[in-house]
Structure formats: structure tokens, C-alpha cells
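User: Please walk me through this model. What should I look at first?

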Amino acid sequence: MQTNRLRAYACEVTQPVPQPVPPPKTSLTERRKAATQLDIARAAAALFAEHGPDGTTAEAIARHAGVALRTFYRYFRSKQDAVGPLLSGGAERWRALLEAAEPGPLAKTLEVAVREALAVPDAHAAEQFRWTRGLLRAAEHDAALRAVWYRVNQDSEERLLPVLARLAGPGADALEVRLAAAAATDAIRVALEAWSATDAPATGPGSPAELAVRCLRELTGGMRLLGR
């Protein structure tokens, strides 16, 4: 039953924040590396959906992605690690939106970024949510896959700290900034996990964006830093 559901899903933020300053261009080598990692991640997710993590090997993932096994291990330590780029994509979009924001009412800035990061503007975004749902369902039964998910969230929280520190201003209490980063990260994590356990659509009532804003308000309602 679980494998069938995963197979089905594999087939299938106030004022606008200003546009970010374009980052330095990445080299061709870096772009190729990122593309290869994403190809491997998609191959792993597809095979996990078809056969489950237990029925999937690193060799099979490499073959499905069209790369040598040594290339797989150049980028990932295990088959579960391979899906990291898929699971971290949303966190990168969310952080980029906050990096582009100007200091202001932090609670509102966070909500705006959450809604935009979890929006579904096109088919590519819809596909990302399908992958995420399938992987989080698979993680319920695979401790190593859950560990990857928790590591992705921990990394996102750490990277969010300097971003929120800038938005909060130089007089902000460091502990309050850390609490805000933890709460914001957990709001999205819990929302995605709750959504993945249902058959709710990726937009509208019960969607990740709606659940994440609800979680964010509940977790940060008493925080002085957010000035609610």
C-alpha cells in the first residue's frame, strides 16, 4: 500500500519584498555539479517510490541517473543522502526571499516569505511538492531517510540565523534571533510533514503554505522580537 501511494506521487509573503541583488555567477563546473546532484536525487526519489528505500541500491540509483557509481559516491555518502537536494530546494527559496527583504516588521516579513516560498506557480513547483510528499511518506518507515530530512532542516535553521539577525537589526537579542530561526524552520517542517500525511492539494485550504503560516503564528505568538 505504501509503495503504491509513493509511486502515484512520483508520477504526479504588508509589502512586496524587493528583488535580490544578483549573486555572483557560478562557474560552469559548479552548475554541472549541481545538475548532476539533482539528476541523482530525482533518480533516487523515483526508485524509492517504485521499490522503497530498502529495495533500492546506490548502484541502481547511479544507473538510473546515468552516472558511474564512483560519481554517486563523490557527491553522496548513502542512497538516502542522495535525496537531500530535493528536500533542501524549498529551504533555499525561502532563505533567498528573506535575504532580499528589507528590515521591517519581522512577523509580517516571515509570513510573506513563507507564503511565497510554498506557492505553486508552475508545473516545476508542483512536481517538487509531489517529490517531497512521497519522500516524507517514505521517511516514516526509514530512519536514515528521516535523518536526512532532519539534517536538511537543521542546516536551514543555521543558515537562517544571519539572515534574521540582519532583518532584526543590530540591537536584537541573539537568543531571540535564534529562537525565531528555530520556530520559523520548524513551522515549515511541521507543515510539510502534516500535509504529506494527507491527500490535501498543494494550494488552498490544507496546503503547505496555509499550514506553515498557521504553525508560524502559533510558534511565534509570544515572541517579543516579532512584535505581535
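## Helix packing and voids

User: At roughly what angle do the axes of helix 5 and helix 6 cross?
Analyst: The axes of helix 5 and helix 6 come within 9 Å (lines fitted to C-alpha atoms over the stretch in contact, with angles from 0 to 180 degrees between N-to-C directions). The model is predicted, so local features need pLDDT of at least 70, side-chain atom pairs need 80 or more, and totals for chains, interfaces and linings use all residues. Residues are numbered from 1 along each chain as its sequence is written, and side-chain values use heavy atoms, without hydrogens or water. The crossing of helix 5 and helix 6 is at roughly 140°.

User: Are helix 5 and helix 6 parallel or oblique to each other?
Analyst: The axes cross at roughly 140°. Under 35 degrees is roughly parallel, over 145 roughly antiparallel, 65 to 115 roughly perpendicular, and the rest oblique. Helix 5 and helix 6 are therefore oblique.

User: Which residues of helix 6 meet helix 5?
Analyst: Helix 5 brings Arg93, Trp94, Leu97 and Leu98 to the contact (heavy atoms within 4.5 Å). By class, this contact has 7 nonpolar, 1 polar and 2 charged residues. The helix 6 side is Thr109, Leu110, Ala113, Val114, Glu116 and Ala117.

User: How is helix 6 oriented to helix 10, roughly parallel or roughly antiparallel?
Analyst: Helix 6 and helix 10 (residues 208-220) have axes 9 Å apart. They pack at an angle of about 160°. That makes helix 6, relative to helix 10, roughly antiparallel.

User: Which residues of helix 10 touch helix 6?
Analyst: From helix 6 come Leu110, Glu111, Val114 and Arg115. The contact has 6 nonpolar, no polar and 4 charged residues. Helix 10 supplies Ala209, Glu210, Ala212, Val213, Leu216 and Arg217.

User: Which residues are the closest to the centre of the largest pocket?
Analyst: The largest pocket has a volume of about 1,100 Å³. Helix 2 (28-51), helix 5, helix 6 (106-117), helix 7 (123-139) and helix 8 each supply at least two lining residues. Of the 35 lining residues, 13 are nonpolar, 8 polar and 14 charged. The closest to the centre are Gly84, Pro85, Ser88, Gly89 and Glu92.

User: Which helix gives the most to the lining of the largest cavity?
Analyst: About 280 Å³ of space lies in the largest cavity. Helix 5, helix 7, helix 8 and helix 9 (174-196) each supply at least two residues of the lining. With 7 residues, the one that gives the most is helix 5.

User: How many charged residues line the largest cavity?
Analyst: The lining has 21 residues, and Leu87, Gly90, Ala91, Ile188 and Leu192 are the closest to the centre. By class, 12 are nonpolar and 7 polar. The charged residues number 2.

Key. On a 1 Å grid over the protein atoms alone, a cavity is a set of points where a 1.4 Å probe fits but cannot get out, and a pocket is an open set with protein on both sides within 12 Å along at least five of seven lines; lining residues have an atom within 4 Å of a point. Grid points are joined across faces, edges and corners, and a volume is the space filled by probe spheres set on the points. Helices (H or I, at least four residues) and strands (E, at least two) are DSSP runs, numbered from the N terminus. Ala, Val, Leu, Ile, Met, Phe, Trp, Tyr, Cys and Pro count as nonpolar, Asp, Glu, Lys and Arg as charged, and the others, Gly among them, as polar.
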